[in-house]
Amino acid sequence: MEEFLFTFFNIEVMRAASPILLQGLWMTLLLILAAVPLGLAGGVVLAVLSVFRHPMIRWPLIAWVDFFRAFPPLVLLVFIYAGLPFAGIEIGAFGCVAIGFFLNTSSYYGEILRAGIESIPRGQVEAARSTGLSATQTMGYVILPQAVRNVLPDLVSNTLEVVKLTSIASVVALPELLFQARQAQSVTYNPSPIVAAAIVYFLMLWPVVRLLSRLEHKAVARR
Amino acid sequence: MLSGVATARPIVDAIGIHKHFGALHVLKGVDLVVSERELVFVIGPSGSGKSTLLRCCNRLETPSSGSVMVDGIDLLDRRTDINLARQRIGMVFQQFNLYPHMTARGNVTLALRKVAGKSRAEADELADAALARVGLAEKAEAYPLELSGGQQQRVAIARAIALEPRVMLFDEPTSALDPELVGGVLAVMRSLREAGMTMVVVSHEMAFARAAADRVVFMDHGVIVEQGTPAQVFGAPQQERTRAFLRQLDH
Ligand SMILES: Nc1ncnc2c1ncn2[C@@H]1O[C@H](COP(=O)(O)OP(=O)(O)OP(=O)(O)O)[C@@H](O)[C@H]1O
Ligand SMILES: [Mg+2]
């Protein structure tokens, strides 16, 4: 038992690693602050475009969304990180991760929002247009707010996945939380920093998980 | 526009309307001309094209051919700003179609602010006045889900009349209501009529038609079969199809 505690919950090691873990946490938060809003914004654009039935929009859009949903995000990151310099583009690890997350995440958010938009009855559009609102105004004031509310649990759930996924940024040496924890582990020969990082992730996500179950409960109750 | 001409000009002037949905020929050359302050009542069996005709009058449906002028504006002209034109054409739907995420006042103010360009304060004032006209002044803060069907439909009417339209189109405004709520909506419609509103009403409320309509139009299979005063159409229908329809309504 003592052996186990010494290995996985070594307070000394955790304390020593805490400054570098904090730096990692900071980077992870920055990453979340970039990935979630970018992904949401991209998702809104994709979802709104899906309203257009024209084949010139419809098929490229489906191909785009399907591709980035099916493509493993880890491989995508490596491709971008290794590939962009060949194209003469130097944007650093953070930029690469931001692009990769944008491509992957916006497609997921987009599909969720599209389902939300499709859940709004046609009569809402007709009522809004009959009062003279333009198509864009109708989307912005009438359809999207209701669509978002209808799929809020799915949006939160997806955001949870995005936050967890930020740890893959470690493969391109972006010093986020998991990357820093592994650095600390390799220096101390002790996995306690990894455990500490897991605890930090848990503390960060648990309130969101709670919120999610309440939202889901409410969504079921509303039916 | 010459004001002398304007008084004589019909508010709705839809001529030779055809509408196809794919292979389906839904309107087969319909003329609907509505004068100022007139209340035209449209009846006919299900699927005869009543809703489609009404929706052509604000271009929710675009006719396959024909012309639609409303208050002198050519709705089918590509240069017409349809959103501006629709401000003058109020529409009320069978399913109310209130925005569920907004209060009654929010429902009414949205177009006032975003289309008519009113400030929030002005829009609130106009909305409250419109809600008062439909007898719901005290429900301004209520959400649609907190209102009865009849109240929702009256908010929908307020949403339309707040924009001061030149004509109101009603598509079966009471068909989705419990019988005891129909009267309130009809009373609002009657008060609109007394205030001089031009109206086109698709409905099965024959008693209302008898009491309030200037003209009754009977449609079947995409054409106007017969029209005239309520006394003419209900009392002495000329066409066998009209008689058959009215007979079957009595049962
Ligand atoms: N968007 C559409 N696409 C295809 N067919 C349509 C569409 N809208 C209406 N129709 C068809 O056109 C015909 C006329 O419909 P419309 O709604 O105008 O009839 P209505 O007289 O209003 O009937 P009801 O009394 O049932 O409301 C029907 O056969 C209907 O199925
Ligand atoms: Mg109809």
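This text walks through a predicted model, from chain A to the sheet of chain B and on to the ligand.

Chain A has 10 helices and 0 strands, and from the N terminus on its elements run α-α-α-α-α-α-α-α-α-α. Taken along the principal axes, the C-alpha atoms of chain A fill a box of roughly 70 × 50 × 25 Å. Of the 223 residues in chain A, 44% are buried.

One residue of chain A deserves a stop on the way. Ala173(A) sits in the loop between α8 (152–165) and α9 (177–188) of chain A. Although Ala173(A) is not a glycine, its phi is positive, at about 65 degrees. Most residues other than glycine have a negative phi. Is Ala173(A) buried, exposed or partly exposed? Its relative accessibility is 43%, so Ala173(A) counts as partly exposed, since that class lies between the cut-offs of 20% and 50%.

Now turn to chain B and its sheet. The sheet is open and has 6 strands, in the order β6-β7-β8-β3-β9-β10 (chain B), with mixed pairing. At the edges stand β6 (89–92) and β10 (223–228) of chain B; each has a single partner strand, so one side of each is left without a neighbour in the sheet. On average, and with direction ignored, neighbouring strands of this sheet are turned by 20 degrees against each other. Strands of a sheet pair through backbone hydrogen bonds, in either a parallel or an antiparallel way.

Both kinds of pairing can be followed here. Strand β3 (residues 39–43) of chain B pairs with strand β8 (residues 198–202) of chain B in the parallel sense, over 4 bridges. Within this part of the sheet, Val40(B) is opposite Val200(B) in β8(B). β3(B) also pairs with β9(B), in the parallel sense and over 4 bridges; here Phe41(B) has Val216(B) in β9(B) as its bridge partner.

The next step along the sheet brings in the other sense. Strand β9 (residues 215–220) of chain B and β10(B) pair in the antiparallel sense over 5 bridges. Val217(B) has Gln227(B) in β10(B) as its bridge partner, while Phe218(B) stands opposite Glu226(B) in β10(B). β9(B) and β10(B) form a hairpin with 2 residues between them, and in the turn His221(B) has a positive phi of about 50 degrees.

How many residues of β9(B) are buried? The strand is mostly covered, with 6 of its 6 residues buried. Arg215(B), Val217(B) and Met219(B) point one way from β9(B), whereas Val216(B), Phe218(B) and Asp220(B) point the other way, and all are buried.

Two loop residues of chain B are worth a look as well. Ser203(B) is in the loop between β8 and α8 (206–212) of chain B. With a relative accessibility of 4%, Ser203(B) counts as buried. A polar atom of the Ser203(B) side chain lies 2.9 Å from the backbone nitrogen of Glu205(B). Asn97(B), in turn, belongs to the loop between β6 and α4 (104–114) of chain B. Asn97(B) has a positive phi near 55 degrees and is a residue other than glycine. The relative accessible area of Asn97(B) is 11%, and this residue is buried.

Finally, we come to ligand 1. Its surroundings in chain B include Phe21(B), Leu24(B), Val26(B) and Pro45(B), along with Ser46(B), Gly47(B), Ser48(B), Gly49(B), Lys50(B), Ser51(B), Thr52(B) and Glu172(B). By class, the shell around ligand 1 has 4 nonpolar, 6 polar and 2 charged residues.

For Ser51(B), an N or O atom of the side chain is 2.7 Å from an oxygen atom of ligand 1. For Thr52(B), an N or O atom of the side chain is 2.5 Å from an oxygen atom of ligand 1. On its own, ligand 1 has 630 Å² of accessible area, and the protein covers 60% of it. The elements that give two or more residues to the shell are β2 (24–34) and α2 (50–56) of chain B, and α2(B) gives the most, with 3 residues.

Notes. Residues numbered from 1 in each chain as written. Chains lettered and ligands numbered in written order. Predicted model: local features only at pLDDT ≥ 70, side-chain atom pairs only at ≥ 80, totals over all residues. Heavy atoms only, no water. Near = heavy atom within 4 Å. Polar contact = N/O pair within 3.5 Å; in protein donor to acceptor, adjacent residues only side chain to side chain. Areas by Shrake-Rupley, 256 points an atom, 1.4 Å probe, with all protein chains shown as cover. Nonpolar A, V, L, I, M, F, W, Y, C, P; charged D, E, K, R; others polar. Pairing = 2+ DSSP bridges. Axes fitted to C-alpha atoms, helices over the stretch in contact; angles between N-to-C directions. Buried < 20%, exposed > 50% of the residue type's maximum accessible area, 1.4 Å probe, protein only.
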